[in-house]
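Hi everyone, thanks for making time this morning.

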Amino acid sequence: DEIAQQFMVHMKILNAKTHQEEKKTENGNGNGSSFITTMDVCLAYHSQNQDVILNNVISNDIELTWEEMKRYGVSLWLKDITTLKTLAQRVANAEFKKHRDDGIDRVHNVAIWY
């Protein structure tokens with residue numbers, strides 16, 4: 001739909017802006033990555049093709065991080081609760097794998113998500 005197309009254009013701009021910010025950060029004069037705007041959240045929320053949007057912003061091939069979820073505001077606009085729970089499980093699994101050697105405190109922190 002047209003709303004999804006508009007959202008995807010905004011995401012291309014966001015990704016380009018983030019890439020520029022990362023270059024500035026490497027040079028010591030940037031402030032980090034950019035995040036989705038309220039207008040973008042509204043576009044994604046009202047789109048009839050949320051599954052297409054999700055597949056374009058979140059890759060199934062990589063370990064999903066909370067930073068990536070937050071960057072695209074997925075938890076704000078995704079209406080499908082089952083998919084949202086699946087994404088939360090992916091984030092929790094990735095965090096667990098990343099910090100599995102840090103001891104029981106990390107396991108407890110991941111368990112809080114449930």
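Let's begin at Glu 67, which is partly exposed, with a relative accessible area of 44%. By salt bridge I mean a side-chain nitrogen of Lys or Arg within 4 Å of a carboxyl oxygen of Asp or Glu. In general, side chains of opposite charge can pair when their charged atoms come close. Both Glu 67 and Lys 70 sit in helix α4, residues 66-72, three residues apart, about one turn of the helix. How many salt bridges does the structure hold? It holds one.

A quick word on what you are looking at. This is a predicted model, where local features need pLDDT of at least 70, side-chain atom pairs count only at pLDDT 80 or more, and totals for chains, interfaces and linings use all residues. Residues are numbered from 1 along each chain as its sequence is written, and side-chain values use heavy atoms, with hydrogens and water left out.

On confidence, pLDDT is the predictor's confidence in each residue, from 0 to 100. The chain has a mean of 81, and 75% of its residues reach 70 or more. Where pLDDT is low, the predicted coordinates should not be read in detail.

Now the overall picture. The chain has seven helices and zero strands; these are DSSP runs numbered from the N terminus, H or I of at least four residues for helices and E of at least two for strands. Of the 114 residues, 31% count as buried. Residues 24 or more positions apart account for 60% of the contacts with a separation of 6 or more, a contact being heavy atoms within 4.5 Å.

Let's go helix by helix. In α1, residues 2-27, we find Lys 17, which is partly exposed at 46% relative accessibility. Lys 17 and Phe 35 are 18 residues apart in sequence and 9.6 Å apart in space, C-alpha to C-alpha.

Helix α2, residues 38-46, buries Asp 40, Val 41, Leu 43 and Ala 44. Seen down the axis, these fall within an arc of 160°, so they line one face of α2. That arc is taken over the directions from the helix axis to the C-beta atoms.

In α3, residues 50-57, the buried residues include Gln 50, Ile 53, Leu 54 and Val 57. They cover an arc of only 100°, which puts them on the same side of α3. The face turned away from that buried side carries the exposed Asp 51, Asn 55 and Asn 56.

Finally, α6, residues 81-98. This helix has 18 residues and reaches 26 Å from first C-alpha to last, close to the 26 Å expected at 1.5 Å a residue, where the expected span is 1.5 Å times one less than the number of residues. Leu 87, Val 91, Ala 92 and Ala 94 are buried in α6. Their arc is only 160° around the axis, which puts them on the same side of the helix. Thr 82 and Lys 85 are exposed on the face turned away.

Thanks, and I'm happy to take questions.

How values were computed
Buried < 20%, exposed > 50% of the residue type's maximum accessible area, 1.4 Å probe, protein only.
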